[in-house]
Amino acid sequence: MPQSGDLLRLADAVLFPGFAGRTPPDWIRRRLGEGLAGVALFTRNIADPGQLAALTAALRAENPLVLVGVDEESGEVTRLEVAGGSSRPGAYALGVVDDVALTEAVARDLGADLARAGITVDFAPSADVNSNPDNPVIGLRAFGAEPELVARHTRAFVRGLQSAGVAACAKHFPGHGDTSVDSHHGVPVVAGDGFEDALLPFREAIKEGVRTVMTGHLLVPAYDAELPATLSPKVLTGLLREELGFDGVIITDGIEMAAVSEAYGIGGAAARAIAAGADAICVGGERADEGTAVEIRDAIAAAVADGLLPEERLADAARRVRELATWAAASSGGSTGSSTGGSTATGTDSGDGGLGLVAARRAVRVTRRSAAPVLPLSGPASVVELAPEMNLAIDKNTPWGVGEPLSRLLPGTTVARLTAAEATGPALERLLGAATGRPLVIAVRDAHRYAWQGEALRHLLSARPDAVVVEMGLPARADLGAAHVATYGSARVCGQAAAEVLTGRL
């Protein structure tokens, strides 16, 4: 049944769709002029700081109160720096350093870059407590596995980001850390044990005045045994609003993710999320076309007409989003949309003394297991990088590794990267042969989570016990290799810091 124009506009006022291209398509321009709340930007929309600033200025020309959101966590999850890798380490490395002043400074520095580019909402930080080391989607995106540590660094990150005029977003409520399923593909179930620990960082973020909270597509049987958090009034309204007292904007994780869309469809999930207490619908990571945005808008309007979604609830959601937009416009201080200044969104930095590199250097931990002088390296090395397939939150084109920065510090270094399919016995034997007489460095990511990495490590270390292992994921053990270097991240600056350790410069 056709819906009224007013109801459709009200539905648009809670949507954050994605789109293809590096300039706003006509449908986005038109919908912004008609009251669309905002947009979610992804790597496909971003080339460099100047282009991004021009893009956000074009969006703002259609609607001065448009909210522009992006997943810029730093570290592994970067949108602005995919081309060269992040100039700041991710959350876990900051947690290892455990200096809240440093975390706040890194977040403020990031916020300044985002504000200059015209970004008003950063879907960060991850407030998840990564208490399950086998978690396939959080891992290094969390500040750590201890609730109090995660809580204090979540507060520091929120404080730093919002001091730069960019709204922070604590995610993934009520906590994605103690799970073993990726919600892009299925429904993670949160155990009752430790649930209060998982809530602690969100409680502290709310005390800090975080402007937005992102829902996780998680089943929390302790509160609701049937509906995932994004669709649960018990979790969003009962827990987040009433018990925890959050009065800002509740935004969903990507509504197209299977954990919620599989049962209800994208439109049905969006309508149920608003009815449950969410204020904004994020979509576009996997579905970024006008048809999807229309489908969601129409489904929300139809839910009002059918009585599934009270119009007052939809109007309240739109009000909260509008208040956030007003705050963002006032907080920007006129700095949004400027392409001048900043050093990080280009994917380059000075290489010396940048705040992100300083943080990455402080996070490195070295375990020496041999009396032989394996570090610093005696000359050009052979580097073998074992590359697992990463989850969908991490752009597959994000560069990582220690080989490239080590090659710059030790010219003549060779680098070979192997995937699971390529790490065969004959391939490893060929690399061992090529490394004869040279230092061998083996770089891995989350080696404990991938049996093939463990097998490849055993093969290489049985032949070369003098090899150095560089773990650029979550290190489950440090007793591998003659020396073990843990960077707690694979950002560009983490690779640089590791290379400095290997060559004795750090």
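This section describes the overall form of one protein chain and then several of its local features.

The structure is a predicted model, in which local features need pLDDT of at least 70, side-chain atom pairs count only at pLDDT 80 or more, and totals for chains, interfaces and linings use all residues. Residues are numbered from 1 along each chain as its sequence is written, and side-chain values use heavy atoms, with hydrogens and water left out.

The protein chain contains 16 helices and 14 strands. These elements are DSSP runs numbered from the N terminus, with helices being H or I over at least four residues and strands being E over at least two. The radius of gyration of the chain is 23 Å, close to the 23 Å given by the globule rule for 506 residues, so the chain is as compact as a globular protein of that length. The radius is taken over C-alpha atoms, and the rule is 2.2 Å times the number of residues to the power 0.38. Along the principal axes, the C-alpha atoms fill a box of roughly 75 × 50 × 40 Å.

Of the 506 residues in the protein chain, 61% are buried. Here buried means under 20% relative accessible area, exposed means over 50%, and partly exposed lies in between (1.4 Å probe, protein chains only). The accessible surface of the chain comes to about 18,000 Å², and carbon and sulfur atoms account for 52% of this surface. Such areas come from the Shrake-Rupley method with a 1.4 Å probe, and for residues only the protein chains shown count as cover. A contact is defined by heavy atoms within 4.5 Å. Among contacts between residues at least 6 apart in sequence, 77% join residues at least 24 apart.

The chain carries 45 positive and 61 negative charges, whose mean positions are 5 Å apart. In this count Lys and Arg are positive and Asp and Glu negative, while His and the chain ends are not counted. Each charge is placed at NZ of Lys, CZ of Arg, CG of Asp or CD of Glu.

A search of the whole structure finds zero disulfides, a disulfide being a pair of cysteine sulfur atoms within 2.5 Å. For C169, the closest cysteine sulfur is that of C282, at 8.9 Å, which is too far for a bond. C169 is buried, at 0% relative accessibility. C494 is likewise buried, with a relative accessible area of 1%.

C494 is one of the buried residues of helix α16. This helix spans residues 492–502 and is mostly covered, with 10 of its 11 residues buried. The elements that cover its buried residues include the helices α12 (355–363) and α13 (403–409), together with the strands β9 (365–368), β12 (440–444), β13 (468–471) and β14 (483–486). After α16 comes G504, which has a positive phi near 80 degrees.

Strand β5 contains H172, a buried residue with a relative accessible area of 4%. Beyond its neighbours within four places in sequence, H172 is in contact with D128, I138, R141, F202, M214, T215, G216, L218 and D253. H172 and F123 are 49 residues apart in sequence, and their C-alpha atoms are 9.8 Å apart in space. The peptide bond from F173 to P174 is cis, with omega near 5 degrees, and P174 belongs to the loop between β5 (169–173) and α7 (195–208). A cis peptide bond also runs from L375 to P376, with omega near 0 degrees. P376 is placed in the loop between β9 and β10 (382–386).

Positive phi values also occur in residues other than glycine. S74 is not a glycine, yet its phi is positive, at about 75 degrees. This residue lies in the loop between β3 (67–70) and α4 (91–97) and counts as buried at 4% relative accessibility. D98 has a positive phi near 55 degrees and is located in the loop between α4 and α5. With a relative accessible area of 33%, D98 is partly exposed.

Helix α5 (residues 100–116) includes V100, which is partly exposed at a relative accessible area of 31%. Not counting residues up to four places away in sequence, V100 touches R152, H153 and A156. V100 and L149 are 49 residues apart in sequence, with a C-alpha to C-alpha distance of 9.5 Å.
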